[in-house]
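Hi,

Here is the structure I promised to pass on. Have a look at it first, and then read on for what turned up.

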Amino acid sequence: MSLRTVLASDLNPVQTNAWLVGSIAPRPIAFASTINEGGLRNLAPFSFFNAFGSNPPMLAFAPNRRGRDGSTKHTYQNVAATEEFVIATVSHRMVQQMNVASAEYEDGVDEFVKSGFTPLPATFVKPALVAESPVQMECKLHQIVELGNGPGSGLMLIGEILCFHVREDVLTNDLPDSRKLDLVGRNGGAMYTRAFGDALFEVAKPAGKPIGYDHLPEVLKRSHLLSGNDLGRLANSAELPDLSVVESHEGDPASADGLEEAIHHALQREDLSEAWRLVGLRSRI
Ligand SMILES: Cc1cc2nc3c(=O)[nH]c(=O)nc-3n(C[C@H](O)[C@H](O)[C@H](O)COP(=O)(O)O)c2cc1C
């Protein structure tokens, strides 16, 4: 496999943006509701967005200077002026209307009206909630971080979260449930990701200090049938079982390849103890 190196200093701001959004993906989407100094509503999506701390609860998103001429966006101007915003999450059923809200409308155009979303009064801030969003957060501005001043430069808005609003139907055990939220993320170009159904999967958190790849039997690391994910799952085991005492069962594969395939399938079923039993048999060949 050959690697290409692209120097950031060889790219113009438009090319850099294409590299950023193509490389850092999928990105969560902040649907930012703000008002201007005159109280007029504004709504626009931003995927340069994430959470950055829980004590106090902080998020940040970046309505950046336009690559075209370095001008600032309404969302930035509104937050700089009023120091308040609501961040709504975007579910799959909202994505087409959200796209309409992302167009460049003139100052004072209410994107709630253009996109057909329903404004609801918030509790602590003046910008409106988005009724259709499954989870949203009321925020007050913590800090503006300017990451340059030329076209395409970053304007990061860091906000402290004052409260969460969540639709009851997306909760499980009183927490937002990824399986019910059906959120979308943004990828490169015009691509989106949907976090739903088979696209969601669980990865067991490392239990304490896992044994690590360096403690796996060498014979497994040379395998052409076991994937990096297979080896990673075994390396995530809390302790290395005693492979010298494993028992063979009737019907166990006899060949090295057959055993490695069986290890792979056991790991796919999340049957870790069976995978290790088969690793023990494989180690004896
Ligand atoms: C899914 C999506 C994500 C976006 N993410 C960003 C972003 O992170 N930063 C940005 O400056 N513009 C982003 N945009 C473009 C803005 O939404 C667009 O410039 C919008 O017109 C800004 O509106 P405003 O002037 O009312 O703030 C994104 C657009 C879409 C559709």
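A term to begin with: two strands pair if DSSP finds at least two bridges between them. With that in hand, take R27, whose bridge partner in β13 is R186. That bridge belongs to the pairing of β1 with strand β13 (residues 184-186), which is antiparallel and runs over two bridges. Please keep in mind throughout that this is a predicted model.

β1 and β13 are part of an open sheet of three strands, ordered β1-β13-β14 and paired antiparallel. β1 (27-28) and β14 (192-194) each have a single partner strand, so one side of each has no neighbour in the sheet. The peptide bond from A25 to P26 is cis, with omega near 0°.

**The seven-stranded sheet**

There is also an open sheet of seven strands, and its order is β3-β2-β6-β9-β10-β5-β4, with antiparallel pairing. Its edges are β3 (41-46) and β4 (49-54), each of which pairs on one side only. From one strand to the next, the twist averages 35°.

If you want to walk through part of this sheet, start with β6 and β9, which pair in the antiparallel sense over five bridges. Here V86 stands opposite E138 in β9. Next come β9 and β10, antiparallel and joined by 12 bridges. In this pair, K140 stands opposite E160 in β10. The hairpin of β9 and β10 has six residues between the strands, and G148 in that hairpin takes a positive phi near 120°.

Carry on to strand β5 (residues 57-61), which is joined to strand β10 (residues 154-166) by four bridges, again antiparallel. F61 has L157 as its bridge partner in β10. The loop between β4 and β5 holds P56, and a cis peptide bond joins N55 to P56, with omega about 0°.

**The helix across the sheet**

What lies across the sheet? Helix α2 (residues 74-82) does: it lies across β2 (30-35), β3, β6 (84-88), β9 (135-147) and β10, at about 55° to β2. The buried residues of α2 are H74, T75, Y76, N78 and V79, and they pack against β2, β3, β6, β9 and β10.

After α2 comes E83, in the loop between α2 and β6. E83 is not a glycine, yet it has a positive phi of about 60°. E83 counts as partly exposed because 15 other C-beta atoms lie within 10 Å.

D174 is another residue to check: it is not a glycine either, and its phi is positive, about 65°. Look for D174 in the loop between β11 (171-172) and β12 (175-176). With 6 other C-beta atoms within 10 Å, D174 is exposed.

**Around the ligand**

Which residues are closest to the ligand? They are A44, F48, K73, H74 and T75, out of 18 residues that surround the ligand. β3 and α2 each supply at least two residues of this shell. The largest share, four residues, comes from β3. Sorted by class, the shell has eight nonpolar, seven polar and three charged residues. Notice that H74 and T75, both among the closest residues, are also among the buried residues of α2.

The chain is divided into domain 1 (8-199) and domain 2 (213-283). Taken over C-alpha atoms, the centres of domain 1 and domain 2 are 45 Å apart.

Is S237 buried or exposed? S237 is buried, because 20 other C-beta atoms lie within 10 Å. Leaving aside neighbours within four places in sequence, the contacts of S237 are with P210, I211 and L272. S237 and S273 are 36 residues apart along the chain, and their C-alpha atoms are separated by 9.8 Å.

Cheers

Methods: Residues numbered from 1 in each chain as written. Predicted model: local features only at pLDDT ≥ 70, side-chain atom pairs only at ≥ 80, totals over all residues. Axes fitted to C-alpha atoms, helices over the stretch in contact; angles between N-to-C directions. Contact = placed C-beta atoms within 7 Å. Near = placed C-beta within 6 Å. Nonpolar A, V, L, I, M, F, W, Y, C, P; charged D, E, K, R; others polar. Domains from an automatic or database assignment. Buried ≥ 20, exposed ≤ 12 C-beta atoms within 10 Å, placed from the backbone.
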